[in-house]
Amino acid sequence: MITFLVSLAVLIGGYFIYGLLMEKVVRLDPKRPMPANTRRDGVDFMPLPAWKVFLIQFLNIAGLGPIFGAIMGVMFGPAAFLWIVLGTIFAGAVHDFMSGVISIRRDGASLPEIVGEQLGGTVKQVMRVFSLLLMILVGAVFVMTPATLVASLTPDWMNATFWIGLIFLYYMLATVLPIDKLIGNLYPLFGGALLFMAVGILYVLIAGGVDIAHDMTSGLSNRHPLGADAPLFPMMFVSIACGAISGFHATQSPMMARCLTNEKLARPIFYGAMVSEGIVALIWAAAAIAFTGGYGELAAFMADPSNGGAGGLVHSISIEWLGAVGGVLAMIGVIAAPITSGDTALRSARLIAADFLHIEQGTLWKRLAVSIPIFILSFLVMMIDFNVLWRYFAWCNQMLAVFTLWSVTVWLSREVRTRIFGTLPAWLLTIIPAMFMTVVCVSYILFARRPEGFGLPYEVAVGTGLAVAVLLAGIFARFQRRCAAVAAD
């Protein structure tokens, strides 16, 4: 319990201390003209109240990751709690905050345009395709699980297929309608359910007399049942994505940057929403251990197909800890989380495609012209086996974070002259997580077993990951020297 409470306190403290440092580094300006006003179109660029923007951002990024990802990630052991806390404060929240701030200062630009401006035209083209495909993957992935969960609460005739169709229809409407219609009106309701779920589970963890069996006697060693086939590094750092750092979030921050009315709101909206998601991940990781009784027991629960995997565990925890009514409300929150990521993923796909095709989105028929091919592709992707989809989504998601962190590092070196503690350059705040996530992603895809990865020996995979990270750092150092030489001339 002490470990859990300390982790919770550190996460909250991170918002007020490290989040404030980030705010001072980029010098947020309350008088800066905002894209919501300068480019207002009544569809995507539209001023919204801060509380609505926060709930939309929070629900956009709080998909399956902070719940299912945390449950799958905590199977690796107590190191999961450490990664959720440190990853959220020093990597995930910084990543979300900076992508939002840069978008504001680039007139609401989407992620591929931001990355392309910093890393070059070739990377921009790659990012356009890569991020568009990731958004389609997210839309497909975040249909299947909520449909299965809600089908377990409804009559037999309302099966998973029925709910898949209904959810996908909602996605289509949410993609093309103005942001203040479906999304702006439904998200406060969904947000209330999700917050109820988090607070309810947190109350039981603290005051319900449950034992959070952290089992720290063996330190941070790997507890995953697959052992050497699932090494803690890099596997845990991909399993726990949205609960610590997620590239998907960088596609959502620019969407909300188009609705903010004051740049000073960037810290509570972008950094604060990620810290809130880290808290949700921490709660579910602890709940999984407390409910099942330990790491071995959790592995046994997940291995039994009759239990329904992570979805079955969420259902059992909600009903047994919160009662029938509370459990249903909690389940609504859990169901809403992936749905409210899937709809904005497809909306982001429309915005990304419209940006690089230079198609204005003020009229409905133009939005449909961009959206219909995206809907067709999403439907086709849904035909792929869910387990395969999830594995590729997880890796692609983290690769997007790598691109984002490196582009943010370049932007800081170009645009920000603020020194940390009076001496250190601001780009140090992002180059360290950029290098770390580079090692994670390269190591993962090289080590993961076929057909997901290349199945190389562990030492080769991690060594190559380290080499790539050092190489990219060297390229950045060369870029720094060239910029210094140009400034000197």
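**Reading pockets, rings and burial**

Modeller: The lining of the second largest pocket is made up of 14 nonpolar, 2 polar and 3 charged residues, where Ala, Val, Leu, Ile, Met, Phe, Trp, Tyr, Cys and Pro count as nonpolar, Asp, Glu, Lys and Arg as charged, and the others, Gly among them, as polar. This is a predicted model, in which local features need pLDDT of at least 70 and side-chain atom pairs count only at pLDDT 80 or more, while totals for chains, interfaces and linings use all residues. Residues are numbered from 1 along each chain as its sequence is written, and side-chain values use heavy atoms, with hydrogens and water left out.

Colleague: How is such a space found, and which elements line the second largest pocket?

Modeller: Rolling a probe the size of a water molecule over the atoms shows where empty space is left. On a 1 Å grid over the protein atoms alone, a cavity is a set of points where a 1.4 Å probe fits but cannot get out, a pocket is an open set with protein on both sides within 12 Å along at least five of seven lines, and lining residues have an atom within 4 Å of a point. Grid points are joined across faces, edges and corners, and the volume is the space filled by probe spheres set on them. The second largest pocket has a volume of about 400 Å³, and of its 19 lining residues Leu 119, Val 410, Leu 472, Ile 475 and Phe 476 lie nearest its centre. Two or more lining residues come from each of α6 (111-119), α16 (386-415), α17 (428-447) and α18 (458-488), the helices being DSSP runs (H or I, at least four residues) numbered from the N terminus. The largest share, 8 residues, belongs to α18.

Colleague: How many cavities are there of 30 Å³ or more, and what lines the largest cavity?

Modeller: There are 2 cavities of 30 Å³ or more, and the largest cavity, of about 50 Å³, is lined by Ser 110, Leu 111, Thr 251, Pro 254, Met 255, Arg 258, Ser 348, Leu 351 and Ile 352. The elements that give two or more residues to this lining are α11 and α14 (309-357).

Colleague: Is helix α11 mostly covered or mostly uncovered?

Modeller: Helix α11 (residues 249-257) is mostly covered, with 9 of its 9 residues buried, where buried means under 20% relative accessible area, exposed over 50% and partly exposed in between (1.4 Å probe, protein chains only). Ser 103, in helix α5 (residues 79-105), counts as buried because its relative accessible area is 0%. Leaving out residues up to four places away in sequence, Ser 103 touches Gly 108, Ala 109, Ile 114, Pro 254 and Ala 257, contact meaning heavy atoms within 4.5 Å.

Colleague: How should I read an aromatic pair?

Modeller: A pair of aromatic rings is described by the distance of the centres and the angle of the planes. Rings of Phe, Tyr and Trp (its six-membered ring) pair if their centres lie within 6.5 Å, and planes under 30 degrees apart count as stacked, over 60 as edge-to-face and the rest as tilted. The structure holds 19 aromatic pairs, among them the edge-to-face pair of Phe 237 and Phe 436, at 5.3 Å centre to centre and 80 degrees between the planes. This pair links distant parts of the chain, with Phe 237 in helix α10 (residues 232-239) and Phe 436 in helix α17, 199 residues apart. Phe 237 is buried, at 9% relative accessibility, whereas Phe 436 is partly exposed, at 31%.
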